[in-house]
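Hello,

Here is the structure I promised to pass on.

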Amino acid sequence: MNEKQRKEQSQINQVDPADVKSEQENLQRLKSKTSDDFLKYFEATYEPPNMKKAKKRLRKEVEYHDDFEIEEQFQGLGNGKKFLIRTYGCQMNEHDTEVMSGILTEMGYEATTDQNEADIILLNTCAIRENAENKVFGEIGHLKALKRENPDLIIGVCGCMSQEESVVNRILKKHQYVDLIFGTHNIHRLPQLVYNALMSKEMVVEVWSKEGDIIENLPKRREGRIKAWVNIMYGCDKFCTYCIVPYTRGKERSRRPEDIIQEIRHLAAQGYKEVTLLGQNVNAYGKDLDMDYGLGDLMDEIRKIDIPRVKFTTSHPRDFDDRLIEVLAKGGNLMPYIHLPVQSGSSEVLRVMARRYTRESYLELVRKIKEQIPNAALTTDIIVGFPNETEEQFEETVSLYHEVGFEGAYTFIFSPRDGTPAARIEDNVSEDVKKQRLHRLNEVVNEYSRKAMEKYKGKIVKVLVEGTSKSNDDKLAGYTERGKLVNFEGPKSAIGEIVNVKITETKTWTLDGEMVEETVAEPVEVI
Ligand code: 5AD
Ligand code: SF4
């Protein structure tokens, strides 16, 4: 294939932003291709995750924009029509959904939760583990009947899975009724993409391999008026050997501090009570900014904003520096809740995972955190059954759990992800053993969670009331400063407020209580 052909093909599927020509031209091209052509083009041009190449990604490619606008031709395209977005996976996806909802709303679409009245359904997908992907494929299958009943329905697949070659291939081959596939770097192109999907008889596929730029002024339609997500950075450069994220989300790109602060001030002014700073690896914040400015510095400024609660997720232990601990120790609106994924308690496994820390250095970090922030609640993520994990190595994870005394954990069985180094390792651990290890670990996790909860008995805590309880409409539910879910009796007028609740009963994962007038002694919620 010569250079010209390669370029033409890449414009159709893995479109490089620099190559995007006039939209009309693009549309013509899309119209003139059959699904088979797409498949051929796709197979010839798509590059699967490639560690060497991905690691070469250059900083200077990131550009900041604040010139997003919905072109005139797309305005009103959704008038009288409805959209539904199903979100899978992490908070980053939830927030992307808020952005896509914002864009669709500005195009005139109205949100619906009823798939039967939707004119456009988007699946915002997660690729982190195989079962997440299976769920989405199940849903794509279900949508076929809906499409048959309503041929005008636009079905779109976006999010992390659409950045994977195998997924796009499978959809192109087996689910040709899907109208649109677009990647995590193409969200701002939604108006054009929806238009293309409406006009074209063929599946519209736009997945940029190039990392996305940062676009500051995308509209957002936030879920709720109490808590808000705020992206502080995008992507991840850590390349843990099991993880697909550095390939699906691209390289680390930090937003500028002033943009983040302005967004949080605005949220505070609108009455939001809590913000969670989001990033795949928030502790790497600022590394790409050439400013000698990190997450600690950012939090030190956010601390002064008049918003009651500030949290962040997710941390990487390697980049969790002393400055951040020092700032978090100042307390105030910085919540004493730290999610610090450890993944394994064995230094040997951590080395093969390329986590860049050891059991010892992790424990040292935990020691420092506990010393300076004594009331911090620590939670973690753990993968069991990493290829060739021995019984002893697994036991080291369990013993680390005891040593730290985490208050909660998300635990997973290793899931091989196409294109990642760990997926190529020959594994001698059976699925049965992996399941047993997960079960054993979960017993420990439950025990520590229950113990952590027991310490609350009789205490008065501050609860940000989020709404009614899931299990009982007559009760309210909300979270404490250390991230514990409390169900309690109280007036509906308390929703959106921070109230004092006396804990009357403790369970493994939740607390029960009653609203009280008494104020809480400072510092609140010392456990
Ligand atoms: N298999 C199992 N768990 C994984 N995670 C990330 N990649 C994989 C994988 N391939 C887990 C890690 C991470 C969390 C978000 O998902 O524990 O912290
Ligand atoms: Fe994946 Fe987190 Fe590792 Fe990044 S730091 S590669 S997102 S596990």
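Let me start with K330 and D300, whose side chains meet in a salt bridge at 3.1 Å, N to O (a salt bridge being a side-chain nitrogen of Lys or Arg within 4 Å of a carboxyl oxygen of Asp or Glu). The two are 30 residues apart, with K330 in the loop between α12 (322-328) and β14 (337-339) and D300 in helix α11 (residues 295-302). Helices (H or I, at least four residues) and strands (E, at least two) are DSSP runs, numbered from the N terminus. K330 is partly exposed at 37% relative accessible area, while D300 is buried at 11% (buried is under 20%, exposed over 50%, partly exposed in between, with a 1.4 Å probe and protein chains only).

This is a predicted model: local features need pLDDT of at least 70, side-chain atom pairs count only at pLDDT 80 or more, and totals for chains, interfaces and linings use all residues. Residues are numbered from 1 along each chain as its sequence is written, chains are lettered from A and ligands numbered from 1 in the order written, and side-chain values use heavy atoms, leaving out hydrogens and water.

Another salt bridge joins K484 to E407, with the closest N and O atoms 2.6 Å apart. That pair links distant parts of the chain, 77 residues apart. Here K484 is buried at 6%, and E407 is buried at 13%. Salt bridges with shared partners also join D297, D300, R303, R323, E326 and K330 into one network. The whole structure has 35 salt bridges.

Best wishes
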